[in-house]
Amino acid sequence: MERSPSSPAFWRSPLRGPWFTSLLGVVLLAGITVLFVTGLLSYAAYNPDLSPVNDKTPDKGVLGFYLFPWPTDPPWLYRLTQGVHVTLGIALVPVLLAKLWSVVPRLFQLPPARSVAHALERLSLLLLVGGVLFEFVTGVLNIQLDYVFPGSFYPLHFYGAWVFFAAFAVHVVLRAPTAVRNLRRMRAGDEEGVAPPVSAEEPSLVSPDPAEPTVSRRGAVWLVGGGSLLLLGTTVGQNFDGPARRTALLAPHGGAEPGSGPNGFQINKTAAARGISAAETSEEAWRLVVTGPAGTVRLSRAELARLPLHSAALPIACVEGWSTSDQWWRGVRLRDLAALVGHEPDTAPDVLVESLQRHGAFRRAALRANQVRDPRSLLALDVNGERLSPDHGHPARIIVPAAPGVLNTKWVARMTFGDLR
C-alpha cells in the first residue's frame with residue numbers, strides 16, 4: 001500500500017509536521033478572521049437594507065443581522081477596510097497554499113471517520129477547502145475585473161463566505177487545542193516539529209520514511225513568508241496615487257490610465273465603456289432632474305454652478321481594493337439640493353440617484369439620510385480646480401465620505417429625495 005495516497009509512507013516530504021502545520025494554521029486563523037470581518041464591513045457599506053437597488057443578496061435573511069447605517073466618518077473608513085481586505089487576501093495566498101499542502105495526507109486517511117468528532121472534522125475540512133478555494137479564486141478574479149464565473153460576484157462571494165466561515169469556525173473549535181499543544185511542545189524543546197501524535201487517534205503528519213531534506217522547516221517558513229511579502233509589495237501600491245501605483249503589478253488597474261493633470265487619478269469604467277456620448281452630456285442637452293415633496297426642478301450645469309458651491313477633500317475607494325488619496329471636489333451639497341424640492345437641510349431624507357448609463361449593476365444607487373445630510377456630500381461639478389472629465393462623471397457626479405466607489409454615481413441624471421425604507 002506504499003504507493004497508495006492513504007498510506008503514510010506515500011507522503012515522504014520531511015517538511016510536514018505538526019509544528020509547521022500549526023504555525024501556518026495560527027497565521028491563517030488571524031488573517032482569515034480579519035478578512036471575514038472586513039468583508040462584512042464592506043457589505044454593510046453598501047447599506048443593502050436601504051433599497052433593493054443597493055442589495056445584491058436579497059435573500060440573505062438572518063445573515064443580514066449585522067447591518068447598520070454606514071457612517072460618513074472617518075471619510076477614509078471604506079478605503080481602509082476594503083484596502084485591508086483585498087491586500088491581505090492576496091498576501092495570504094502563499095500561506096493558504098502551504099497550509100493545504102502540509103495537510104494533504106489527511107485528506108486520504110482511512111478509515112474516513114474514527115469517531116463522531118472526527119467525522120465532523122472531515123466534513124468541515126471538505127467545506128473548508130472547497131470554500132476557501134472558491135472565495136480566494138472569485139475574489140482574485142473580481143479585483144482583476146475578470147468576471148468569468150457564473151452569476152453575480154456579490155451573492156456568490158457573500159454566501160460562499162458564510163459557508164466557508166461556518167466550516168472554518170467548526171474546524172478551529174476542533175483543531176485549535178491540538179495546534180496550541182503542538183506549538184507549546186515545540187517551544188518546550190521538542191525536535192523541530194517531529195513530535196509524536198497528541199493521541200493514539202491522531203495520526204502524525206511526519207512521514208515514517210522521509211526523503212532527504214533540501215530545506216529546513218524554518219527555511220520553508222521563510223520561503224512562505226517571503227512569498228507573502230512579495231505579493232504584499234506588488235499589491236499595496238493600489239492604495240496610493242502616483243509612482244507607487246505602478247508597483248501594484250497584481251492589483252486592479254481598472255480601465256485605461258487616466259493620464260495626468262487634475263483629472264489624472266484612478267478610474268474603473270470610462271464614459272465610452274458605459275455608452276455615455278458627448279451629445280447627451282452637452283450643455284444644451286443635459287439637465288439634472290431633482291424631485292421631492294415640493295415638486296420637480298430641472299437644472300442645467302450652468303444653473304447648478306450658480307447655486308452656492310462648496311469644496312471637500314475626499315478619496316475614492318473601490319470594492320476591487322484600489323483607492324485614491326484625497327481629491328478636492330467642488331459642487332452643490334446634497335442637502336441643499338434636497339432643500340430645493342421641499343426638505344429642510346438638517347432633516348434631508350434618503351435619495352435615489354440615477355445615472356445616464358443604461359447598463360450596469362449600479363446605474364442606480366441609494367444614499368442614506370446621514371450621507372445626504374453630511375456637509376461634505378456633494379454633487380460635484382469640478383475636481384482639483386478643473387471641470388470633471390467625461391471619465392470622472394461630467395457633467396456631474398456624486399461624492400460622499402466613506403462610501404464605496406460604486407455609490408459615488410457618475411453622469412448623474414436624476415435625484416429623487418424621500419424615505420426609501
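Which residue in E6 is the bridge partner of Glu-354?

Mentor: The bridge partner of Glu-354 in E6 is Arg-364. Before the details, some conventions apply. Residues are numbered from 1 along each chain as its sequence is written, and the model is a predicted one, in which local features need pLDDT of at least 70 and side-chain atom pairs count only at pLDDT 80 or more, while totals for chains, interfaces and linings use all residues. Side-chain values use heavy atoms, with hydrogens and water left out.

Strand E5 comprises residues 351-355; strands (E, at least two residues) and helices (H or I, at least four) are DSSP runs, numbered from the N terminus. E5 pairs with strand E6 (residues 364-367) in the antiparallel sense over 4 bridges; pairing requires that DSSP find at least two bridges between two strands. E5 also pairs with strand E10 (residues 412-417), again in the antiparallel sense, over 5 bridges. In E10, Glu-354 has Arg-414 as its bridge partner. E5 is mostly covered, with 4 of its 5 residues buried; buried means under 20% relative accessible area, exposed over 50%, and partly exposed in between, with a 1.4 Å probe and protein chains only.

Helix H9 (residues 369-373) contains Arg-373. Arg-373 counts as partly exposed because its relative accessibility is 34%. Leaving aside residues up to four places away in sequence, Arg-373 touches Arg-335, Pro-345, Asp-346, Thr-347 and Ala-348, where contact means heavy atoms within 4.5 Å. The side chain of Arg-373 reaches the backbone oxygen of Ala-348 at 2.6 Å. From the C-alpha atom of Arg-373 to that of Val-224, 149 residues apart along the chain, the separation is 48 Å.

A UniProt annotation from an unreviewed entry, "domain: Oxidoreductase molybdopterin-binding", covers residues 281-418; such annotations may be inferred rather than shown by experiment, with positions given in the numbering used here and feature names shortened. Residues 281-418 are 12% helix and 35% strand, and their end C-alpha atoms lie 26 Å apart.

Of the contacts between residues at least 6 apart in sequence, 70% join residues at least 24 apart.

Terms used. Polar contact = N/O pair within 3.5 Å; in protein donor to acceptor, adjacent residues only side chain to side chain.
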